[in-house]
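I opened the notebook to go through one structure. I wanted to work from the whole chain down to single residues.

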Amino acid sequence: MDRRGVWGRGVRVGLLMACVPGLPWAALALGVAAVEFLRGGDTRLAAHDVRYGGLLLGGSVLAGLLMGSLLAGGLALAARVLTRAGGLALAGGVLGLLVFPGELAVVGMATDGAYAQIGTTFLAWPVMAVVAAAHSADIVGRTRARTWLWVPGPARRLGRG
């Protein structure tokens, strides 16, 4: 098993899981800050929204890296025991359920507990667990069904040596 490849594919899925629910809120906060600043409104409120956007952007990326690393590590360990794709998908789904609260924490902290943002991100939790489950066989290298997870170029021979 190519360990660096597993980690890279896991991080890509983790970034997808964290950034899909988090980055739209960051873009909205930065857009509102630009409108407030350009309209000549309250610059202190605009700076506050820039802080929200920066925390959401940086926090989502950091949470995605952490989520992807944990997902890749857990699936690499599970792949040693589980041989069927269904078992890997179940392990990936459970790991996705366990790591996604990191993104919930980022959205909660960055928005000072705004109900709409936390609620929408909470609703994305089961969807992102399904995303982790669907990509689990690709993360550990058992399939190549999701081409965006694989580095372009000639296929390397996987083996010991």
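The model is predicted.

**Entry: the loop residue.** I looked up Asp112 first. I found Asp112 in the loop between helix H4 (101–110) and helix H5 (115–139). Its phi is near 55 degrees, a positive value in a residue other than glycine.

**Entry: the whole chain.** I then stepped back and counted elements. The chain has five helices and zero strands. Read from the N terminus, the order is α-α-α-α-α. I took the extent of the C-alpha trace along its principal axes and got about 65 × 30 × 20 Å. The chain holds 161 residues, and 41% of them count as buried. Its accessible surface is about 9,200 Å². Carbon and sulfur atoms own 69% of that surface.

**Entry: contacts and charges.** I asked what share of contacts between residues at least 6 apart in sequence join residues at least 24 apart. The share is 72%. I also placed the charges: 15 positive and 7 negative. Their mean positions lie 22 Å apart.

**Entry: the salt bridge.** How many salt bridges does the structure hold? I found one. The partners are Arg51 and Asp112, with the closest N and O atoms 3.8 Å apart. Arg51 lies in helix H2 (residues 43–81) and Asp112 in the loop between H4 and H5, so the pair ties together parts that are 61 residues apart in sequence.

Entry: I stayed in helix H2 and looked up Asp49. Asp49 is buried, yet it has no salt bridge. Which side chain of opposite charge is nearest to Asp49? It is Arg51, 8.2 Å away. The cut-off for a salt bridge is a side-chain nitrogen within 4 Å of a carboxyl oxygen. I then listed what Asp49 touches, leaving out residues up to four places away in sequence. The list reads Ala29, Val32, Ala33 and Glu36.

**Entry: a nonpolar patch.** I searched the surface for nonpolar side chains that group together. Leu57, Val61, Leu62 and Leu65 make a patch of about 330 Å². I noted the helix repeat beside this. An α-helix has 3.6 residues a turn, so residues three or four places apart point the same way. I picked out one member of the patch. Leu62 sits in helix H2. Is Leu62 buried or exposed? Leu62 is exposed, with a relative accessible area of 59%.

**Entry: inside H4.** I went through H4 for buried positions. I wrote down Glu103, Leu104, Val106, Val107, Gly108 and Ala110 as buried.

Entry: Gly8 is buried, with a relative accessible area of 17%; the cut-off for buried is under 20%. I also took a distance from Gly8 to Ile118, 110 residues away along the chain. Their C-alpha atoms are separated by 28 Å.

Terms used: Residues numbered from 1 in each chain as written. Predicted model: local features only at pLDDT ≥ 70, side-chain atom pairs only at ≥ 80, totals over all residues. Heavy atoms only, no water. Helix = DSSP H or I, 4+ residues; strand = E, 2+ residues; numbered from the N terminus. Buried < 20%, exposed > 50% of the residue type's maximum accessible area, 1.4 Å probe, protein only. Contact = heavy atoms within 4.5 Å. Areas by Shrake-Rupley, 256 points an atom, 1.4 Å probe, with all protein chains shown as cover. Lys, Arg positive; Asp, Glu negative; His and termini not counted. Charge placed at Lys NZ, Arg CZ, Asp CG, Glu CD. Patch = residues over 30% accessible without salt bridge, like charges linked within 9 Å, V, L, I, M, F, W, Y side chains within 5 Å.
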